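This report goes through selected local features, helix packing and the relation between the chains. The structure is shown first.

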Number of protein chains: 2
Amino acid sequence: MKEKEKNAKDDGFVEEVTLGEIHPLQLSSGGTLSPFKIAYKSWGKLNSDKSNAILVCHALTGDQYARGKNPLTGKDGWWPKMIGPGLPIDTNKYFVICTNVLGSCSGTSGPKEINTKTNEPYGLDFPVITIADMVSAQVMLVNYLKIDQLFSVIGGSMGGMQVLQWAVNHSARVRTAIPIASTWRHSAQNIAFHEVGRQAIMADPNWSKGRYFENDNGPHAGLSVARMAAHITYMSERSLTAKFGRNLQDREKLTFGFDADFQVESYLRYQGISFVDRFDANSYLYITRAMDYFDISADYGGNLSKAFENTPVKFCIMSFTSDWLYTTQESREIVRALNAVGAQVSSVEIDMEKGHDSFLLDCPEMFNIIAGFLAAEAGK
Amino acid sequence: MKEKEKNAKDDGFVEEVTLGEIHPLQLSSGGTLSPFKIAYKSWGKLNSDKSNAILVCHALTGDQYARGKNPLTGKDGWWPKMIGPGLPIDTNKYFVICTNVLGSCSGTSGPKEINTKTNEPYGLDFPVITIADMVSAQVMLVNYLKIDQLFSVIGGSMGGMQVLQWAVNHSARVRTAIPIASTWRHSAQNIAFHEVGRQAIMADPNWSKGRYFENDNGPHAGLSVARMAAHITYMSERSLTAKFGRNLQDREKLTFGFDADFQVESYLRYQGISFVDRFDANSYLYITRAMDYFDISADYGGNLSKAFENTPVKFCIMSFTSDWLYTTQESREIVRALNAVGAQVSSVEIDMEKGHDSFLLDCPEMFNIIAGFLAAEAGK
């Protein structure tokens, strides 16, 4: 199953595994998926008692390339200062796994991949999945790797939702859980922003009801608009002002037209256009849907504390002052629920002005907290 | 020029005037507009010394139908509890004017109207205009009505920008100015949200570079997405949660599809679709552009206080606690700038949880403040 990465510049592998052939993946919708692929990367070495595995969970548009060069974009992975030798998630100590989530488009089964039953891409025939389904697929990978318990599950944003889902649905298999800049349920405003993105994609005639693979021309304009709208929510008003303000783009004065006069317009357009090259529009629909469906209290009558009752998991919960997408308030609600059932939890609100995306940025305080939290637990 | 409204249910008129035939409207871009139409409504009676006129300025998607039935939508005007006999802007005392702004689509010259030089709609041949240009057009209407000084200029959101522009550019002609839930310059985040809307419209193939009037099929999907994105910014996270939360729309459980499972999705889709019936896509481009260009300090080297130096105008500035589009912080900056030059200013932050749109809603505190401020000045 394993194959050395060609031209690998880091210590990772290209890894892919086909699962669910005998025991299908049971989905929240009631359906099943069989077989399905999981594409993942790993770094470091699994120790002999398999007690040093850390699962890193990615956000909406992330992938398994948390570290090292992403072969699709040619750019560095999305958590370069977090994972590596001597870094907070120290690959000299830990065996680190990052899977491309179910429904995504970087090798794991999703709408872009071939449905072996029809020999064409799934498109909208791919089942609508949930965060719990993403986690169920990860559990099957962890089983395949013969790891009983993960030393830690860690992730930001949607990654944090997976962390919480692991802690709630598979508490015996998680020693520590680190959700960052995340939430326990998608709010009306969160859903609203996602719905705008989906409508932008589906309004694009090139979406063709999800069968754009037939005509080689996807909903680029729609996906680009979706990304632009979402990108605003990832930054704070202050960071946009600090970065761009009302600065003009390569011009001395206003042009009295609809070109990108302002730097912030030019920047947003670039965010939209470059996103189209690396992300599948249908995957965007599926993953935003999974996030909107996320409410970890739903199976517990809306009682968040009940979801965590008797949990053996140790939590470290982080949020950022300027994150208005998943606010500190939402992290506090998780902390309160954990406290109510006597769970072990530490929590920090980090003063950082760059908004939701802070978890992806150079944030020494976050790095220190994670390094310290993991080291303390490893020392026990 | 004046004609009694057919089926009029209120005390208003259908009023329209063609201006600029001899003296063209001088635009900020350096161009001119000649001739141009202003559609407006008025209520109450102008007194003999013409000292009781109040100009009401509308927001981005507003129109002249601030009061009474809007003949296009069949619905009530947008400020029904603000303007009328015995209401805060008391039509028993004041002569109240509301103009459809330049560039809009409810009778005033804009991209939808016929360019008399070509006998077809302007489309993108309409000049790109600014808030200052909207106000210059209003000045010409006020001249036409032979009113030397307005007793008050009042408006929320983009209406507030016009109020500030009146106070700065035409301070001798304004006795009091009441900008509500507004700002002195469009921020990077404000521009970013507008740019998403414009890109959504221009990405729609039916936009046809603004010449959709030729094929009778406008960019409905794109305009709808633009409205959806904007609408989220008009409400607070709390009000969306209070109104919709994660409630499902006419169903008992999640459908695992891309229909509007959630009420907030259904609501947003409705906001988008119904907007298309009443608003012109090109006008949306022009007016958002005018707002993005708005920075009342720009002509004063970025020094906001300088813009108000020696102003005789008396200001009453209001903001709402939950407004994250034009925050109280921005109103405070205006107040500080006015204080720095010794201007007469009172300001209030109103505790209201409904977000930016609070100024359009039933807000007794706002009504009381405006009634009191106007009465105090009228008593002098």
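A:Lys50 is partly exposed, because 16 other C-beta atoms lie within 10 Å, a count between the limits of 12 or fewer for exposed and 20 or more for buried. The residue sits in the loop that runs between E5 and strand E6 (53–57) of chain A. Its phi is positive, about 55 degrees, although A:Lys50 is not a glycine. The model is predicted, and these values are computed from it.

A:Phe256 is another residue other than glycine with a positive phi, here near 55 degrees. Its place is the loop between helix H5 (237–243) and helix H6 (263–278) of chain A. With 18 other C-beta atoms within 10 Å, A:Phe256 is partly exposed.

## Cis peptide bonds

In chain A, the peptide bond joining A:Ser34 and A:Pro35 is cis, with omega about -10 degrees. A:Pro35 belongs to the loop between strand E4 (32–33) and strand E5 (36–43) of chain A.

In chain B, a cis bond leads from B:Ser34 to B:Pro35, and its omega is near -10 degrees. The loop that holds B:Pro35 lies between strand E4 (32–33) and strand E5 (36–43) of chain B.

## An exposed glycine in chain B

B:Gly86 is found between strand E7 (83–84) and strand E8 (89–90) of chain B, in the loop that links them. It counts as exposed because it has 9 C-beta neighbours inside 10 Å, and the limit for that class is 12 or fewer. The C-alpha atom of B:Gly86 is separated by 9.7 Å from that of B:Ala371, although the two residues are 285 residues apart along the chain.

In chain A, helix H1 (residues 131–144) and helix H2 (residues 158–169) have axes that come within 9 Å and cross at roughly 70 degrees. H1(A) is therefore roughly perpendicular to H2(A). On the side of H1(A), the contact is made by A:Ile131, A:Ala132, A:Met134 and A:Val135, and on the side of H2(A) by A:Met161, A:Gln162, A:Gln165, A:Trp166 and A:Asn169. Six of the contact residues are nonpolar and three are polar, with no charged residue.

In chain B, the axes of helix H1 (residues 131–144) and helix H2 (residues 158–169) cross at roughly 70 degrees and come within 9 Å. This angle makes H1(B) roughly perpendicular to H2(B). H1(B) contributes B:Ile131, B:Ala132, B:Met134 and B:Val135 to the contact, while H2(B) contributes B:Met161, B:Gln162, B:Gln165, B:Trp166 and B:Asn169.

## Packing of H3 and H4 in chain A

Helix H3 (residues 188–203) and helix H4 (residues 220–234) of chain A pack with their axes 7 Å apart, at an angle of about 165 degrees. The two helices are therefore roughly antiparallel, the class for angles over 145 degrees. The crossing of H3(A) and H4(A) is right-handed.

From H3(A), the contact residues are A:Phe193, A:Val196, A:Gly197, A:Ala200, A:Ile201 and A:Ala203. From H4(A), they are A:Gly222, A:Leu223, A:Val225, A:Ala226, A:Ala229, A:Ala230 and A:Thr233. Ten residues of this contact are nonpolar, three are polar and no charged residue takes part.

## The interface between the chains

The contact takes 42 residues from chain A and 42 residues from chain B. On the side of chain A that touches chain B, H3, H4, H5, H6 and helix H7 (281–293) each supply at least two residues. H3(A) provides the largest share of that side, eleven residues. The side of chain A that touches chain B is made up by class of 24 nonpolar, eight polar and ten charged residues.

## Symmetry

Two copies of a chain are related by a rotation about an axis and a shift along it. Here, chain A is superposed on chain B by a rotation of 180 degrees with 0.0 Å of shift along the axis, at an RMSD of 0.0 Å. This is therefore the relation of a two-fold axis. The same surface serves both copies, as 100% of the contact residues of chain A recur in chain B.

How values were computed
Residues numbered from 1 in each chain as written. Chains lettered and ligands numbered in written order. Predicted model: local features only at pLDDT ≥ 70, side-chain atom pairs only at ≥ 80, totals over all residues. Axes fitted to C-alpha atoms, helices over the stretch in contact; angles between N-to-C directions. Helix = DSSP H or I, 4+ residues; strand = E, 2+ residues; numbered from the N terminus. Parallel < 35°, antiparallel > 145°, perpendicular 65-115°, else oblique. Left-handed = near helix turned anticlockwise from the far one by under 90°. Contact = placed C-beta atoms within 7 Å. Nonpolar A, V, L, I, M, F, W, Y, C, P; charged D, E, K, R; others polar. Least-squares fit on C-alpha atoms with pLDDT ≥ 70 in both.
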